[in-house]
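Here's a quick briefing to keep beside the viewer while you click around. Take a look at the structure first, then work through the points below.

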Amino acid sequence: MTAARRAAAIATTLLLGACQSYQSTFSDAAVEVHNFNILFVIFLAVCAAMYVLVIAFLIAGIVRRRRAGDALVMETGRHHESHPLMRTGLIAWGTLVTVGLIALALASFVGDRSMASAAAHERLSITITANQWWWDVQYNSSDVSKTLRTANELHLPVGVPVRIILHSNDVVHSFWVPSLAGKQDLIPGRENDITIVPTKIGIYRGQCAEYCGTQHAHMALVVDVDSQADFLKWWQHQLQPAPPPRTPLALAGYNYVTNRECAMCHNIAGTPASARVGPDLTHFASRRTIAAGTLPMGKGNLYGWVEDPQSVKPGTKMPTIGLQPNDLHAVVAYLETLK
Amino acid sequence: MSSRFRVSCIAIGVAALALTACDREERHNRAKPLGETVPAGESPDTIYPGSGVPPPLDARAAMYDNNAPAIAQGQWLYTQMNCVGCHSHGGGGMGPPLMDDEWRYGGRIDQIAATIAEGRPNGMPAWRGKLTQDQIWQLAAYVRSLSGQPSKDAVSSRPDEMSGPEPETLTAREPQKQSDAAEQ
């Protein structure tokens, strides 16, 4: 390794420190993560202090020479009586350990309670169902006409306690948005939940954190924390059905998508395509990524993905259809209108 | 080291190497272009009434029959595409049962695939153009596994449904009926 390359490697590592809160456990973007970071600092401080003390005593013990007669005292097991200072020291040590453990237990209890209390103030309920390998997101509302289904992108209003109910359709997954909260597993046949109170507007990245099969690495989630007004605007927009195709090419794509293989798995509101096997595509083009964070949204990536998903994400449940070029142009043209 | 010990060491090593040749888990993420070149609406004729001699088995059969990933994918599709709606989990209902050894339209994997692709009278819809050839063959592999034809190591021992018959791996394989064998 040349010196320049080594310097570059070190510089890259240092750059990691500059990472913004896009995907970072040390961000401050939600109440949960904030509490957790305080807890982390307390644990780190207490454990580090004890560690330093233990190592200091160990070094002192190694450096100090054994006095004549010490061996005998050790063997009789009356070590603590050998010196009044030793006795005081041992009592102090025991007290220190007890106090330290009580401090950790208290901090842990208070932290845990404060995180759990947010659930009592729930103002928005979202159901996330994990599938191999994408996230099905449903916004619940007592008014059924306001219930919204989307995929692989989670929009949250800032400052509102959101309860996320977690299900799985196949295997165990884990919901993890490091910038907002800790991990919570999604277990088939069981309901889990997690409450998040985001405090900072921004875009964050979530990732499945429990190995779930071939494409576990390509099971990401974009979380967009908006102002409350923007969030409501987004919700209203997402409730609209898909716009009708306006060009002949888009119409050809519409016909293909709603009549052929695509419609067997995907739902597009306002069209005959209404299956629930794959991600909802009603406002597909308004999302930031394709295939659960596999590719950034864009015309080129869309062509690549639609033509041959099995090359982009081998093993994904979306099959390679082998679209003819004219069909491919039409399908992409139609998908692009789904803003 | 005795020579006998050395020989058994070598034998174990060779046996371990031979394990790598097992292709139970061989995955095909994409159908061979062959599947897509059959023009729509034109199906290889796989039904042979009377004493007609059926053509040799489709070359694609080797890729799907007895292949664990194909059977597992087929099992997933079987539920997602609502085969359950008519055939139940193999026991039949509105549609005929699939877990017995009677095949109205042939029990060979290519015949089952043709049945799925083209549909059959009295309710079985045609899936050509709705599913890819790859998916149709995966489904055929799973449907064939319901009657206990594939080998035990290829079939999932954990069915997706909550309850039902014993897993295929625990039931004895039924020999094909004489009439079916004669057909083939």
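Let's start at one spot: leaving aside residues up to four places away in sequence, A:Gln184 touches A:Leu166, A:Ser174, A:Phe175, A:Asn192 and A:Ile194. Keep in mind that this is a predicted model.

**Around A:Gln184**

- A:Gln184 sits in strand E7 of chain A, which covers residues 184–186.
- A:Gln184 and A:Cys208 are 24 residues apart along the sequence, and their C-alpha atoms are 9.8 Å apart in space.

**Chain A in outline**

- Chain A contains 9 helices and 12 strands.
- Of the 339 residues in chain A, 28% are buried.
- Take the contacts in chain A between residues at least 6 apart in sequence: 64% of them link residues at least 24 apart.

**The five-strand sheet**

- Chain A has an open sheet of 5 strands, ordered E3-E2-E1-E5-E8, with mixed pairing.
- Why do E3 (148–151) and E8 (192–196) of chain A each have one side without a neighbour in the sheet? Both stand at the edges with a single partner strand each, so nothing in the sheet flanks that side.
- On average, neighbouring strands in this sheet are turned by 25° against each other, ignoring direction.
- E3(A) pairs with strand E2 of chain A (residues 134–140) in the antiparallel sense, over 4 bridges.

**The three-strand sheet**

- Another open sheet in chain A has 3 strands in the order E4-E10-E9, again with mixed pairing.
- Here E4 and E9 of chain A are the edge strands, each with a single partner, so one side of each has no neighbour in the sheet.
- Neighbouring strands are turned by 25° against each other on average, direction ignored.
- Helix H5 of chain A (residues 228–239) packs on this sheet and touches E4 and E10 of chain A. The direction of helix H5 makes about 135° with that of E4(A).
- Strand E4 (residues 153–157) and strand E10 (residues 220–226) of chain A run parallel, joined by 5 bridges.
- Strand E9 of chain A (residues 202–207) pairs with E10(A) in the antiparallel sense, over 6 bridges.
- In that pairing, A:Gly202 has A:Val225 in E10(A) as its bridge partner.

**Nonpolar cores**

- The largest nonpolar core has 58 residues, and those with the most contacts inside it include A:Ala30, A:Trp135, A:Leu180 and A:Val331.
- Which helix gives the most to this core? Helix H9 of chain A (residues 325–336) does, with 6 residues.
- A:Leu180 touches several residues, among them A:Ala29, A:Ala30, A:Ile196 and A:Val223, not counting residues up to four places away in sequence.
- A second, separate core has 30 residues, including B:Tyr64, B:Ala70, B:Ile116 and B:Ala154.
- As general background, nonpolar side chains tend to be buried together in soluble globular proteins.

**Chain B**

- Chain B has 8 helices and 0 strands.
- Of the 184 residues in chain B, 33% count as buried.
- Among chain B contacts between residues at least 6 apart in sequence, 71% join residues at least 24 apart.

**Where the chains meet**

- Chain A puts 11 residues into the contact, and chain B puts in 11 residues.
- The chain A side that touches chain B is made up of 5 nonpolar, 4 polar and 2 charged residues.

**How confident is the predictor?**

- The complex gets an ipTM of 0.79 and a pTM of 0.79 from the predictor.
- Chain B has a mean pLDDT of 76, with 67% of its residues reaching 70 or more.
- Among the elements of chain B, helix H2 (residues 33–37) has the lowest mean pLDDT, 46, while helix H5 (residues 84–87) has the highest, 91.

Note on methods
Residues numbered from 1 in each chain as written. Chains lettered and ligands numbered in written order. Predicted model: local features only at pLDDT ≥ 70, side-chain atom pairs only at ≥ 80, totals over all residues. Pairing = 2+ DSSP bridges. Helix = DSSP H or I, 4+ residues; strand = E, 2+ residues; numbered from the N terminus. Axes fitted to C-alpha atoms, helices over the stretch in contact; angles between N-to-C directions. Contact = placed C-beta atoms within 7 Å. Nonpolar A, V, L, I, M, F, W, Y, C, P; charged D, E, K, R; others polar. pLDDT = per-residue confidence, 0-100. Buried ≥ 20, exposed ≤ 12 C-beta atoms within 10 Å, placed from the backbone. Core = buried A, V, L, I, M, F, W, Y, C linked by C-beta atoms within 7 Å.
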